[in-house]
Number of protein chains: 2
Amino acid sequence: MPAVTLYELAGADPGLRFSPYCWRSRLALAHKGLAATTVAWHYHEREALSFSGQDRVPVLIDGETIVADSWAIAVYLDKHYPERPQLFGGDPGAVRFINTWTDSVLHPALLRVVLLDIYAVIDARDRDYFRSSRERRYGASLEAYCADRAAHLAGLTTVLVPLETLLAQQPYLAGDRPAYADYIVAGTFQWIRCIGGPPLGTPGGPVEVWWQRMLDAFDGLLRRAPARHRAAA
Amino acid sequence: MPAVTLYELAGADPGLRFSPYCWRSRLALAHKGLAATTVAWHYHEREALSFSGQDRVPVLIDGETIVADSWAIAVYLDKHYPERPQLFGGDPGAVRFINTWTDSVLHPALLRVVLLDIYAVIDARDRDYFRSSRERRYGASLEAYCADRAAHLAGLTTVLVPLETLLAQQPYLAGDRPAYADYIVAGTFQWIRCIGGPPLGTPGGPVEVWWQRMLDAFDGLLRRAPARHRAAA
């Protein structure tokens, strides 16, 4: 078994790992059957990542190889461990649309609902950075950005329509069995769960049914992970 | 070469084939290198499809086999002609998200811009059906539904963000080479082109650059097809 290390974003509680991108990598490692040592990392610990030549997590260390970025990590794992279960089952190209949709549509819609929940779980030493960088990005205070939470929460139903539609047609995003397509979105749902955000998907609908299955996957890897509140899911 | 027939939605001009779903199938056939006889079909010709047990196009006839629905046709072609270039290059599962996103997000956004353009190209005998079915679906007259066209047109920029993002990272939706993931969205762009709708994608941006390549694919199959106006693209 190779010695693999994964650097993950952590909250004030170092056991609270909430980054959607880091969860993508953790699920990818589980899918490949690779045990990994995870290392808690906080926004203010930039120097701790200097070995990777950049300043964001996840970062994977696999022997002599260092890979940053969740997408690059997934592609690396399939290429480097082709004999283990495939994350992509073919060309990763089309799966990447799920990645870009999640990052550019789903995450912005969610952030209007949960930005203050993230702020609540991060380390005290990360708060100034988090507040100032986000307030610059959005041109509004965190509180103003998340005002009218009820409307943004209601809007999520529309955002999730393509997922509800897909999962009414097949049990997993990847088809009959879960694969990286599922881990992209599951990472996002786990992020929301870990920071104590709202349940996602129409109650009893295809997305919620899928999410319950994902919570159970890999011996309950997601369900067992520390979360801010006991998730309703 | 097998004898393949494809029933396609046509306008008042039977040469004007504008259905996005039919274009998906036409591009899939081109990708597989299968020559097909296409048959013009209009909404009022339901009986002409009774052999297929349903009332929508595309319908593919391949020898003794009849396949309706663009997604089913693509899956059938890859399964039945595995020795020809693959449309999915693996499990079709994850590609289907592009299908559901296109149908449930991109098409509704486009219809607010082009519904009257469709009405303008369909056969006179189809107009009562088209108007009444759409006005029932949307709870508004065609004209009211498409009012404020400028705002809906401007909103398309946001809708296309995940595509712009993906195509800034790789040349085709499917990755390095075009495949069914591309034909799903190209069918939509061709639909808009054929009915004389607006150009799509940021001028000079990744989506527009991709679309120009798709127009050139298969010896200009899309570019040479009859359209309501000479498309600016």
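Contact is defined here as heavy atoms lying within 4.5 Å. In the predicted model, 24 residues of chain A and 24 residues of chain B take part in the contact between the chains. The analysis rests on a predicted model, in which local features need pLDDT of at least 70, side-chain atom pairs count only at pLDDT 80 or more, and totals for chains, interfaces and linings use all residues. Residues are numbered from 1 along each chain as its sequence is written, chains are lettered from A and ligands numbered from 1 in the order in which they are written, and side-chain values use heavy atoms, with hydrogens and water left out.

The area buried between chain A and chain B (the accessible area, with a 1.4 Å probe, that two parts lose on being put together, summed over both) is about 2,000 Å², and carbon and sulfur atoms give 67% of this area. Eight residue pairs are in polar contact between the two chains, both residues being at pLDDT 80 or more. A polar contact is a pair of N or O atoms within 3.5 Å; within protein, one must be able to donate a hydrogen and the other to accept it, and residues adjacent in sequence count only if both atoms are side-chain atoms. On the side of chain A that touches chain B, helix 3 (95-121) and helix 7 (161-169) each supply at least two residues, and helix 3 of chain A gives the most, with eight residues. Helices are DSSP runs of H or I with at least four residues, and strands are runs of E with at least two, numbered from the N terminus.

The buried area is about 2,400 Å², of which carbon and sulfur atoms give 68%. One salt bridge is found across the domain interface. The side chains of D103(A) and R24(A) meet in a salt bridge with an N to O distance of 2.6 Å.

Note on methods: A salt bridge is a side-chain nitrogen of Lys or Arg within 4 Å of a carboxyl oxygen of Asp or Glu.
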